[in-house]
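This report goes through one protein model in plain terms. It takes single residues, the sheets around them and the overall dimensions in turn.

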Amino acid sequence: MTIFPVLLDASPGYLRTASRPGSLLLAPIGPGSLMCRLHARLGSLPSTKIVVMPTFRPDAAYRSALHCACDQIGSVVCVDELRDVVARMEASDWVLFVDPQCAALDAIDTAALQHAAMSPPTSASHLVALESNAGGTCEWVDIDDDGDVARIQRFYDQVTWPFTSGVIASLVPVPCLLTERELAFDSLRQLRAELAARGVPARDVAASGPTFDLTRERELLSLADCVARASAENHPTTTRWIGSEAAVHDSARLIGPVLVQNGSRIGERAIVVGPATIGAGAMVGAGATVVQSVVLPGVDVTPGSVVRRQLVTDSDDEGTLDLAGV
């Protein structure tokens, strides 16, 4: 039995530029890309090549960027080509889908997914993120036919509030995919529903740590903040991480946890206030100020400009997509 990892990819609107659709997997998180982070957090899986399945049509530049970001990429396929990939697997094998649209801060517990999927051994298992509410509770008001309040109930997160906000990963037996010729999905939430509609038994495993809905820009910024802060905590002698071939001008100031990826440039008198991530090949111009933001790879921050709490995507069409490798 072998478990084959398949990483979905999506292109939320906030990542799109005039020259390319944007990619969640290639978004800069920590020293490298989100894809590098997901790959590193898959647990103790056998060493197998990763399949990437974007929900958009991949072009040559996108494929090249994926292979530059991670040397473990095996193939890039669309959902209608997935069955051909699965057809080369054994009936006893499993496919582990990971969806970056719902990202966990902690490592993916593949052992818990395997344990759930083995009971019975023909079922799927889904690692799900549970909904959370402000203050950890949600109040539900029942109104009777006269419009009067009949009852007020309070539900507590992870105790009596039974709803999920997304699916982080799904472990699916190969036969469930091989026998379905028209299985189409662009998220694991949709795959979970499709499998249930086809009568595939499944069990849900609740994620224990924080999760992020990366279809929203602010959630990507929050994840980048957490990773930058954790990087600083793991290296108490410095709050910054500067990649190879990156250049920081002597007069530039890096304040707080700042990650400067490979090949980036921080110009004269520029200020970067963390938590912040400067993507590979990006340029922060002279006198520019970047505050608690994420600059995408290959993007130039205009000299003298001020960027606060945002994802910086405006780039030259010739900008590079190079990212730190795994």
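Cys 78 is in contact with Met 53, Pro 54, Phe 56, Arg 57 and Pro 58, leaving aside its neighbours within four places in sequence. The model is a predicted one. Cys 78 sits in the loop between β5 and α3 (82-86). Its relative accessible area is 6%, under the 20% limit, so Cys 78 counts as buried. Between the C-alpha atoms of Cys 78 and Leu 38 there are 20 Å, and the two residues are 40 residues apart along the chain.

Phe 56 is also among the contacts of Pro 21, together with Ser 11, Leu 15 and Arg 16, again not counting residues up to four places away in sequence. Pro 21 belongs to the loop between β1 and β2 (28-29). With a relative accessible area of 36%, Pro 21 is partly exposed, because that value falls between the limits of 20% and 50%. The C-alpha atom of Pro 21 is separated by 24 Å from that of Gln 292, a residue 271 residues apart from Pro 21 along the chain.

**The sheet of 7 strands**

β1 and β5 both belong to an open sheet of 7 strands, in which the order is β5-β4-β1-β6-β11-β8-β12 and the pairing is mixed. The edges are β5 (73-76) and β12 (202-206); each has a single partner strand, so one side of each has no neighbour in the sheet. From one strand to the next, the twist averages 25°. Strands of a sheet pair through backbone hydrogen bonds, and the pairing may be parallel or antiparallel.

| Strands | Sense | Bridges | A residue pair |
|---|---|---|---|
| β1 and β6 | parallel | 5 | Ile 3 and Trp 94 |
| β8 and β12 | parallel | 5 | Leu 127 and Val 205 |
| β8 and β11 | antiparallel | 6 | Leu 130 and Thr 164 |

β1 covers residues 3-9 and β6 covers residues 94-98. Two helices that pack against these strands can be described next. Helix α2 (residues 60-69) lies across β1, β4 (50-54) and β5, and runs at about 165° to β5. Helix α4 (residues 110-117) also packs on the sheet, where it touches β1, β6, β8 (124-130), β11 (164-173) and β12. The direction of α4 makes about 130° with that of β8.

**His 126 in β8**

How much of β8 is buried? Of its 7 residues, 6 are buried, and the strand is thus mostly covered. His 126 is found in this strand. The relative accessibility of His 126 is 1%, under the 20% limit, so His 126 counts as buried.

The side chains of His 126 and Ser 170 are joined by a polar contact of 2.8 Å. Not counting residues up to four places away in sequence, His 126 touches Val 167, Ala 169 and Ser 170, as well as Ala 202, Arg 203, Asp 204 and Val 205. Leu 113, Arg 192 and Leu 195 are also on its contact list.

**The sheet of 5 strands**

A further open sheet is formed by 5 strands in the order β14-β17-β20-β23-β26, with parallel pairing. β14 (240-242) and β26 (311-312) are its edges; each has a single partner strand, so one side of each lacks a neighbour in the sheet. Within this sheet, β20 (residues 276-278) and β23 (residues 294-295) pair in the parallel sense over 2 bridges. The bridge partner of Thr 277 in β23 is Val 294.

**The protein overall**

The protein has 7 helices and 26 strands. Its radius of gyration is 22 Å, close to the 20 Å given by the globule rule for 326 residues, so the protein is as compact as a globular protein of that length. Along the principal axes, the C-alpha atoms fill a box of roughly 60 × 60 × 40 Å.

Buried residues make up 47% of the 326 residues. Among contacts with a separation of 6 or more, 55% are between residues 24 or more positions apart. The protein exposes about 15200 Å², of which carbon and sulfur atoms supply 49%.

Terms used. Residues are numbered from 1 along each chain as its sequence is written. This is a predicted model: local features need pLDDT of at least 70, side-chain atom pairs count only at pLDDT 80 or more; totals for chains, interfaces and linings use all residues. Side-chain values use heavy atoms; hydrogens and water are left out. Two strands pair if DSSP finds at least two bridges between them. Helices (H or I, at least four residues) and strands (E, at least two) are DSSP runs, numbered from the N terminus. Axes are lines fitted to C-alpha atoms, for helices over the stretch in contact, and angles run from 0 to 180 degrees between N-to-C directions. Contact means heavy atoms within 4.5 Å. Buried means under 20% relative accessible area, exposed over 50%, partly exposed in between (1.4 Å probe, protein chains only). A polar contact is a pair of N or O atoms within 3.5 Å; within protein, one must be able to donate a hydrogen and the other to accept it, and residues adjacent in sequence count only if both atoms are side-chain atoms. The radius of gyration is taken over C-alpha atoms; the globule rule is 2.2 Å times the number of residues to the power 0.38. Accessible areas come from the Shrake-Rupley method with a 1.4 Å probe; for residues, only the protein chains shown count as cover.
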